[in-house]
Amino acid sequence: MKIGDRLHQVRNLHGLTQEQMAAGIISKSQYWRIEKESNAIRASSLIKILNQNKISVLTFFKDADDSGINRRELQYQITNAFFARDYKKIRRN
């Protein structure tokens, strides 16, 4: 499962629309493209979206293990992008 798939899963679990999930952080159309895996998401935007919707970042990635997402790889990518200050380089896994 990729980040977009996981966002979609979590959004549905919380009963939110795409617009509600992304409100004030990124546009609805950008969020839609992220869920459809045609755009990457910046680590900073992902964290803001999760925090705004009261979704623990740790839970997002922990539960991802059960969904088939390689949590260690995602954490590695986010950490590298953060230290490089290049959020666009986060690959979708």
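This is a predicted model: local features need pLDDT of at least 70, side-chain atom pairs count only at pLDDT 80 or more; totals for chains, interfaces and linings use all residues.

Colleague: Thanks! How many residues does the largest nonpolar core have?

Modeller: That core has 18 residues, and those with the most contacts inside it are Leu7, Met21, Tyr31, Ile41, Leu46 and Phe60. A nonpolar core here is a set of buried Ala, Val, Leu, Ile, Met, Phe, Trp, Tyr and Cys residues joined through side-chain atoms within 4.5 Å. Buried means under 20% relative accessible area, exposed over 50%, and partly exposed in between, with a 1.4 Å probe and protein chains only.

Colleague: And which elements give two or more residues to this core?

Modeller: Helix 1 (3-13), helix 2 (18-22), helix 3 (28-35), helix 4 (43-52) and helix 5 (57-67) do. Helix 4 gives the largest share, four residues. Helices are DSSP runs (H or I, at least four residues), numbered from the N terminus.

Colleague: Which residues are buried in helix 4?

Modeller: Ala43, Ser45, Leu46, Ile49 and Leu50. Down the axis of helix 4, the buried residues fall within an arc of 165 degrees, so they line one face. The arc is taken from the directions from the helix axis to the C-beta atoms.

Colleague: Switching topic, at what angle do helix 1 and helix 3 pack?

Modeller: About 115 degrees, with the axes 7 Å apart; axes are lines fitted to C-alpha atoms over the stretch in contact, and angles run from 0 to 180 degrees between N-to-C directions. Helix 1 and helix 3 are therefore roughly perpendicular, a label for 65 to 115 degrees.

Colleague: Which residues meet there?

Modeller: Gly4, Asp5, Leu7, His8 and Arg11 in helix 1 meet Tyr31, Ile34 and Glu35 in helix 3, with contact meaning heavy atoms within 4.5 Å.

Colleague: Last one: what is phi of Glu37, and is Glu37 buried or exposed?

Modeller: Phi of Glu37 is near 65 degrees, positive in a residue other than glycine. Glu37 sits in the loop between helix 3 and helix 4 and is buried, with a relative accessible area of 16%. Lys54, in the loop between helix 4 and helix 5, also has a positive phi, about 55 degrees, but Lys54 is exposed at 75% relative accessibility.

Key
Residues are numbered from 1 along each chain as its sequence is written. Side-chain values use heavy atoms; hydrogens and water are left out. Angles under 35 degrees count as roughly parallel, over 145 as roughly antiparallel, 65 to 115 as roughly perpendicular and the rest as oblique.
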